[in-house]
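This report describes one protein chain and its structural model.

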Amino acid sequence: MFALNLNSQNLPYPDPVHPIVVHFVIAMVFFSFICDVIGYFTRNTRLFEVGFWNMFVAVIAIFVAIIFGQFEAGLAQIYPAVQPTLNFHTLMGWSLGAIIAIITAWRFVIRDRHPLKLPPAYLGVATFLICLVFLQIYLGSKLFWVYGLHVEPVVEAMKQGVSP
């Protein structure tokens, strides 16, 4: 096997890529939801188009985020307290990837059949999606801010054999 040269954050590149891409996905999903809600109540159908394209790009970006998340989680120095949260975050990430892809496919069908209407059921499902995204944000924040994955002092402590 080959060995990667890892930096002080235990990564082969300067900073974690997963959080950067994830924030892009979060912004796209939230902006899509906001455009759909405003478009629904104001009957501004141009916002539906903005909402659809934001979800379309979010689908692509979430799978990039998942790939980098899996890679960076594999390089993280995991200690027992982190494992349940990391496992749940990973499960939620893959689930969100599938859910966003399904919702975007549904949105594509809606857009194709009735481009000037958005059913309330879609907004209900999108609201549920936003709740799941908030949960995922909480889990990701906990992994970084509480457990310190890829945070230099925690990585150094783990290399010295100090386990939190």
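Thr104 is in contact with Phe52, Met55, Phe56 and Val59, when its neighbours within four places in sequence are left aside. The model from which these contacts come is predicted. Thr104 itself belongs to helix 3. Its relative accessible area is 6%, which falls under the 20% limit, and Thr104 therefore counts as buried.

The next subject is the open space in the model. The largest pocket has a volume of about 790 Å³. Its lining comprises 32 residues, and those closest to the centre of the pocket are His18, Pro19, Val22, His89 and Gly140. By residue class, the lining contains 20 nonpolar, 11 polar and 1 charged. At least two lining residues come from each of helix 1 (18-42), helix 2 (46-75), helix 3 (83-113) and helix 4 (120-146). The most is given by helix 4, which contributes 8 residues to the lining of the largest pocket.

In an unreviewed entry, UniProt lists residues 20-41, 53-71, 91-109 and 121-139 under "transmembrane region". Values for two of these spans, including the separation of their end C-alpha atoms, are set out below.

| Span | Helix | Strand | Distance between end C-alpha atoms |
|---|---|---|---|
| Residues 20-41 | 100% helix | 0% strand | 32 Å |
| Residues 53-71 | 100% helix | 0% strand | 28 Å |

Definitions and conventions. Residues numbered from 1 in each chain as written. Predicted model: local features only at pLDDT ≥ 70, side-chain atom pairs only at ≥ 80, totals over all residues. Heavy atoms only, no water. 1 Å grid on protein atoms, 1.4 Å probe; cavity = no way out; pocket = protein on both sides within 12 Å on 5 of 7 lines; lining within 4 Å. Points joined across faces, edges and corners; volume = space filled by probe spheres on them. Helix = DSSP H or I, 4+ residues; strand = E, 2+ residues; numbered from the N terminus. Nonpolar A, V, L, I, M, F, W, Y, C, P; charged D, E, K, R; others polar. Buried < 20%, exposed > 50% of the residue type's maximum accessible area, 1.4 Å probe, protein only. Contact = heavy atoms within 4.5 Å. UniProt positions renumbered as here; feature names shortened; annotations may be inferred.
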